[in-house]
Amino acid sequence: MKILLAKNQGLIFCSFPKGCYISIICKKFSSSCNGSSEVDGKAVFTVDGVNKKFTGNNDGIRKGVDDVCCILESGPWGPTLENSLSAFGEKPLPELVIGVLKRLKDASAAVSYFQWAEKQTEQVHCPEAYNLLLMIMARSTKFDHLEHILEEMSLHGFGPSSNVSIELVANCVKSRKLREAFDIIQTMRKFKFRPAFSAYTILIGALSEVHEPDPMLILFHQMQELGYEVSVHLFTTLIRVFSREGRVDAALSLLDEMKSHSFDADIVLYNVCIDCFGKAGKVDMSWKFFHEMKTHGLMPDDVTYTSMIGVLCKANRLDEAVELFEQLEQIRKVPCAYAYNTMIMGYGSAGKFDEAYGLLERQKAKGSIPSVIAYNCLLTCLGKKRRVEESLRIFEEMKRDAAPNLPTYNILIDMLCREGKLDAALKLRDEMERAGLFPNVLTVNIMIDRLCKAQKLDEACSIFEGLDSKVCTPNAVTFSSLIDGLGKCGRVDDAYRQYEKMLDSGHVPGAIVYTSLIRSFFKCGRKEDGHKIYKEMVHAGCSPDLTLLNTYMDCVFKAGETEKGRALFQDIKAHGFIPDTRSYSILIHGLVKAGLANETYELFYAMKEQGCVLDTHAYNAVIDGFCKSGKVNKAYQLLEEMKVKGHPPTVVTYGSVIDGLAKIDRLDEAYMLFEEAKSNGIKLNVVVYSSLIDGFGKVGRIDEAYLIMEELMQKGLTPNVYTWNCLLDALVKTEEINEALVCFQSMKDLKCSPNQITYSILINGLCRVRKFNKAFVFWQEMQKLGFKPNTITYTTMISGLAKAGNISEACGLFSRFKANGGIPDSASYNAMIEGLSSANKAVDAYSLFEETRMKGYNINTKTCVVLLDALHKAECLEQAAIVGAVLKETAKSQHASRSS
């Protein structure tokens, strides 16, 4: 072996003969790291089993470390940087590598240098070097190479020290990277390393703050597997989180496990159980813990009593809470302020404000001045009951006992803004500033949110624009409230400008902001802008949540983009979400509106298989789909199922089923359901009444249709154009044309404007009873109003005019109809041929006769006879012969069909 000290460069390198093993006595790095990299300035080597000492130059090492670090910091790792390091010509000593790693902060650079040094020396790094590398990763929270480094350590027979494992987890926790911290512990276990006790407890504590019980339990069980002694405190932490999440069975299981380990519950655990189980709605269980602790020789303290009183108040068991509070008063010479606050809140929540005021006086009488918290509790309850004037009176009274704080003013400002009393809220804000309490972002958010919800957007924008960034800077919530408020009131461009300001301010919009913008743009008919917002969100790297995807899908369906809506439903799954009841409801509703109600059945059973619990909205969507796809019996079953499962049918539910029954002529059942809805207190709307009027009218039960119309008006409802059209159509079909004209006049008298369908019904009806001239008057009125007649109305009017002898008008209408792309039917051609023949226009009639034959339409016998007579009169004998031949052929075919 030869050792070279390059003093002129300050670097230490060494070269080793083949087969030489070096063991460095490393500097003690942690409780589990053996050896030392430096002992009194001496490097100690083992060569061929013989210990030999080499005294290095500390200044030279320090200079070498400086030079290597300078090279590493000069740019990204690459061939140029490697050449600079290799230019020193010799292999780096372990103490040099350790010195460099102690100085480096960049994890990528450290890993690259670490691997380069290993290749140069062709020797395994010592445990201290590995631990230093892990420490760099921990402090930079960059773990791209962590698994590879841990694998190497495992192969070399040593592992991370306790301190390093703690640092790895602790730094992730500080950076709120709890998922990464959990994965680090699992990776260590994968390579059979033992994570430190504190690494587990730090992560469990952090997970408890964000209410993640499942990974906490996994870590807890791993600690037990490793033989770590778990404490009552750890059990308490887990029980608190599970019970707060409402997972009572898991919390009780942990309690049983704790008892099986012969741990005695302390008062802290009992207090946690009383509070958390009570908040989860298990009040009797909280009572059980309260009494159990006494049997175990633990006396309830102020926290115990306060927690139990709070649980009882929230469960509306006020009498028991009062009894327990009185017990506490008897055994405590000094009143417990927290218990008083809780009891005041309980009285206030129950609306018993006189009792709450009385309790305040009792507290004062005992020499305890009520705190600002007590008054804030009272003001909060008064605000919920919307007792604004009383709140302001209490506010003035409290000033004698306690100085109002920021929450006090926020409570009152919130209350005043909810009631629309902006001037009073602003006055209170000024008073707050005079008291030395400047509005915080919560104050601003309250005012802006409430004003937006009250649609006082100019006032909300004024407050926002007037913010002093030095005193109060708007946060993401401020922007979100303003964007949502502006969007809902149709001011989408203003909302988008606020979104741009939000980006410029450095705030990252979340799914809530994007949901609001997408909904607002679609609602205003600007669907392309809505799609652009979604693309912007994806480009910005913001992950949509299920609410956003559901909202987007709903907007897309309502915009008529059915296939895009289907694709978005699949996107929900692609984003890792499971479609919920609302997702299916939107999909079914969208498909039904697009005329694809037949798909309802399959989707309904997909919902059931997935375990979706149907709510009222979902039931309504499915029932409507079944009705429109002809599965009315299935819809009726679901209506009954709704009642059984505690979802009272709404006007939408009844309306769908009544309409479905009416359309298949099951009118008696529809009417029974109509009466049932009224008896259940459902306020039926015009749509439901219209369904019955339409149903009765189509089967000729005009009297019943009239009765439904009469009841509709008696209920104070106004028939819409669809309702009138249903009644008019019924009257026209029974040839009650005079009654139909009276209804038409009533419709106009009630300020209901007729539409294209209304005129078409009347024109068809008038032509049916051969009142062609009157029909033409309505035709002209319809044209003046700008309505475009449909094909049926055109052909009916053409036939009517022709039959009435108004052949010039009929011909003009016929020509316009064809010029506009209309296709006349057989009845129109026959009527026109007869009309032209009767008007002595035999040549024109014959020309139309030929056109009719070419189109393959049937020509009536009567039409042929009339045309033949006209041709004879006009001495068009050749054409008459052709018509005669057609007439004979028609007669033969009719005779043959009758004979068969």
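This is a predicted model: local features need pLDDT of at least 70, side-chain atom pairs count only at pLDDT 80 or more; totals for chains, interfaces and linings use all residues.

Visitor: Is H29 largely enclosed or open, and why?
Guide: H29 is largely enclosed by the rest of the structure, because 11 of its 13 residues are buried. Among them are Leu546, Leu548, Leu549, Tyr552, Met553 and Phe557, together with Asn550, Thr551 and Asp554.

Visitor: Which helices do those buried residues pack against?
Guide: The buried residues of H29 pack against helices H27 (511–523), H28 (527–539), H30 (562–574) and H31 (581–593).

Visitor: And what comes just after H29?
Guide: Gly560 does, with a positive phi of about 85 degrees.

Visitor: Switching to H10: which of its residues are buried?
Guide: In H10, the buried residues are Pro213, Pro215, Met216, Leu219, Phe220, Gln222 and Met223. The cover over the buried residues of H10 includes helices H8 (178–190), H9 (197–209), H11 (232–244) and H12 (248–260).

Visitor: How does the length of H10 work out?
Guide: H10 covers residues 213–225, and at 1.5 Å a residue its 13 residues should span 18 Å; the end C-alpha atoms are 18 Å apart, which agrees. Gly227 follows H10 and has a positive phi, near 90 degrees.

Visitor: Now H41 and H43. At what angle do they pack?
Guide: Helix H41 (residues 756–768) and helix H43 (residues 791–803) pack at about 30 degrees, their axes 9 Å apart. An angle under 35 degrees counts as roughly parallel, so H41 is roughly parallel to H43. The crossing of H41 past H43 is left-handed.

Visitor: Which residues make the contact?
Guide: H41 contributes Ser760, Ile763, Asn764 and Cys767, while H43 contributes Ile792, Thr793, Thr796, Met797 and Gly800. By type, the contact of H41 with H43 has 4 nonpolar residues, 5 polar and no charged.

Visitor: Does Ala402 count as buried or exposed, and why?
Guide: Ala402 counts as buried because its relative accessibility is 10%, and the cut-off for buried is under 20%.

Visitor: What does Ala402 touch, leaving out residues up to four places away in sequence?
Guide: On that basis, Ala402 touches Pro370, Ser371 and Val372.

Technical notes
Residues are numbered from 1 along each chain as its sequence is written. Side-chain values use heavy atoms; hydrogens and water are left out. Buried means under 20% relative accessible area, exposed over 50%, partly exposed in between (1.4 Å probe, protein chains only). Helices (H or I, at least four residues) and strands (E, at least two) are DSSP runs, numbered from the N terminus. Contact means heavy atoms within 4.5 Å. Axes are lines fitted to C-alpha atoms, for helices over the stretch in contact, and angles run from 0 to 180 degrees between N-to-C directions. Angles under 35 degrees count as roughly parallel, over 145 as roughly antiparallel, 65 to 115 as roughly perpendicular and the rest as oblique. A crossing is left-handed if the near helix is turned anticlockwise from the far one by less than a right angle, and right-handed if clockwise. Ala, Val, Leu, Ile, Met, Phe, Trp, Tyr, Cys and Pro count as nonpolar, Asp, Glu, Lys and Arg as charged, and the others, Gly among them, as polar. The expected span of a helix is 1.5 Å times one less than its number of residues.
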